[in-house]
Amino acid sequence: MANVVLIGTQWGDEGKGKIVDLLTEWAGVVVRFQGGNNAGHTLVIEGRRYALHLIPSGIMRPGKVCVIGSGVVVDLKILLDEIQLLRQESGREIISQLVLSDEAHLILESHRRLDQARERQRGSAKIGTTGRGIGPAYESKMARWGLRLGDLLAPEEVLYKRLSALLEQHNLLLQKIYGEEPVAVDAVFGELKEAAAQLGPAIRKIPYAMAGYLEAGEAILFEGAQGTLLDIDHGTYPFVTSSSTLAANACASAGVGMKHVNEVVGVVKAYTTRVGSGPFPVELDDAVGEHLRQQGGEFGTTTGRPRRCGWLDLVALRYAVMLNGLDSFALTKLDVLSGLETIKVCEGYRLDGRVIDYFPSSIEELEACEPVLVEFPGWQEDISAVLEYDELPENARRYIAYVEEKLGIPAMLISVGPDRAQTILKYNPFQA
Ligand code: GDP
Ligand code: IMO
Ligand code: MG
């Protein structure tokens, strides 16, 4: 069976959740490999909307194994709430589908509080984080003070000692630097013990579990969160998230060798959006930007913030093709472009009077870039019920062919609406 990695190619919210849910039909196992509940992945199945933050987007398909990999940071309260909500919505005990890495790090109350305190301290230079404690949780991990899911299974005194050591430092920071109340160790300890009782049976050593799935011939789908340009190394640093969002991290997080990946799919939204601060060369501060926001419902799934909108950016996308080694892309939200007289695409950046075709590393340089735009005639037809590629308006097909040519890879599907059914599948990456 083929194994597929699916990642976001822009600044997140490309529609990864919808595509993962769709492709899970052919997978046995779905693995979230990085990030935490900063993600908001939306699925619409037969008109019903589900918003997932931590649990892999394959969960709505009964019997599919959903893994939270070692590279994910887990807020236990959010995970338990999500399990509870999905139980109510689906009528199924979805916990039986979950497999959680014992190496995944925990997001605690103090991480959330530090995230918010740091953003306040940055003032107008704030990153615009989701405030979920993501950055501080990865800091604890890298500083080697973090608590992991596996610690929930340790003897109580060991867990208490580890928690106290971490909170002692966090409380010093919170009180002395940020002038805040400390976090009480006993209250957090109580929450951890409760979570351990509920989640304990799902906690596993993931590399061995993955080896077992591969051995059994299960097809594996790796689900990225955030997007390529939010990557900690190659994104628009410091306006990024704190994890590696690239395809290469899928294997590292799951403890699987890279030779097992057969296809890397990038999700490309037919235009570009960004939430939070940071450079965004194609941003539109005009009626067209507002049109995209309203037509595309571009308001955050996690924080409700309006998303910044702009045209498709081929400089950024070519960078994403290179960074992830993309084999193909899933083009989403093409329906949102319907009704526009002209559609523009950024082919290069103008910087200091010359045109560049690379994505700059420095944000000062990126901020100084002006997009070089080319124009396409739009289409007026509503395409949200189109199920065959050949039935798309000619101008829509020309737009897709142009993007394929410029990126040098084929579109494996076209999404024309939020519902699972509103999809034109060009080829199936599990059978490629
Ligand atoms: P993710 O974070 O990449 O999973 O994306 P989000 O779920 O945060 O944002 C994508 C939004 O667009 C969600 O509200 C989806 O329901 C919606 N969506 C996904 N694909 C399409 C599409 O092809 N057309 C339209 N109109 N909406 C879509
Ligand atoms: P999905 O998986 C869009 C952005 C935040 C902020 C920056 C850092 O739904 O595509 P963080 O809380 O991670 O420290 O915030 O990253 N961000 C996202 N933007 N989609 C996401 O996830 C995001 N996750 C984080 O807005 O700019
Ligand atoms: Mg999202």
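This is a predicted model: local features need pLDDT of at least 70, side-chain atom pairs count only at pLDDT 80 or more; totals for chains, interfaces and linings use all residues.
Residues are numbered from 1 along each chain as its sequence is written, chains are lettered from A and ligands numbered from 1 in the order in which they are written, and side-chain values use heavy atoms, leaving out hydrogens and water.

**Entry: one aromatic pair**

I picked out Trp11 and Phe280, which form an edge-to-face pair at 5.1 Å centre to centre, with 70° between the planes. The two are 269 residues apart and link distant parts of the chain: I found Trp11 in the loop between strand E1 (4–8) and H1, and Phe280 in the loop between strand E12 (272–274) and helix H9 (287–295). My helices (H or I, at least four residues) and strands (E, at least two) are DSSP runs, numbered from the N terminus.

**Entry: ligand 1**

I listed 18 residues around ligand 1, and the closest are Lys16, Gly40, Thr42, Asp335 and Ser415. To be on that list, a residue needs a heavy atom within 4 Å of the ligand.

Then I checked polar contacts (pairs of N or O atoms within 3.5 Å). A polar side-chain atom of Thr42 is 2.6 Å from a ligand 1 oxygen, and a polar backbone atom of Gly40 is 2.8 Å from an oxygen of ligand 1. Asp335 has a side-chain N or O atom 2.7 Å from a nitrogen of ligand 1. Of the 580 Å² of accessible area that ligand 1 has on its own, the protein covers 93%; I note the method as Shrake-Rupley with a 1.4 Å probe.

Which elements give two or more residues to this shell? They are helix H1 (16–23) and strand E3 (41–45), and H1 gives the most, with 3 residues.

**Entry: ligand 2**

Oxygen atoms of ligand 2 lie 2.7 Å from a polar side-chain atom of Lys16, 2.9 Å from a side-chain N or O atom of Asn38 and 2.6 Å from one of Thr241. The protein covers 98% of the 550 Å² of accessible area that ligand 2 has on its own.

**Entry: two backbone spots**

Most residues other than glycine have a negative phi, and most peptide bonds are trans. With that in mind, I looked for departures. The peptide bond from Tyr237 to Pro238 is cis, with omega near 5°, and Pro238 is placed in the loop between strand E10 (220–223) and helix H8 (248–254). I also noted Glu46, whose phi is positive, near 50°; Glu46 is in the loop between E3 and strand E4 (48–52).

Technical notes: A polar contact is a pair of N or O atoms within 3.5 Å; within protein, one must be able to donate a hydrogen and the other to accept it, and residues adjacent in sequence count only if both atoms are side-chain atoms. Rings of Phe, Tyr and Trp (its six-membered ring) pair if their centres lie within 6.5 Å; planes under 30 degrees apart count as stacked, over 60 as edge-to-face and the rest as tilted.
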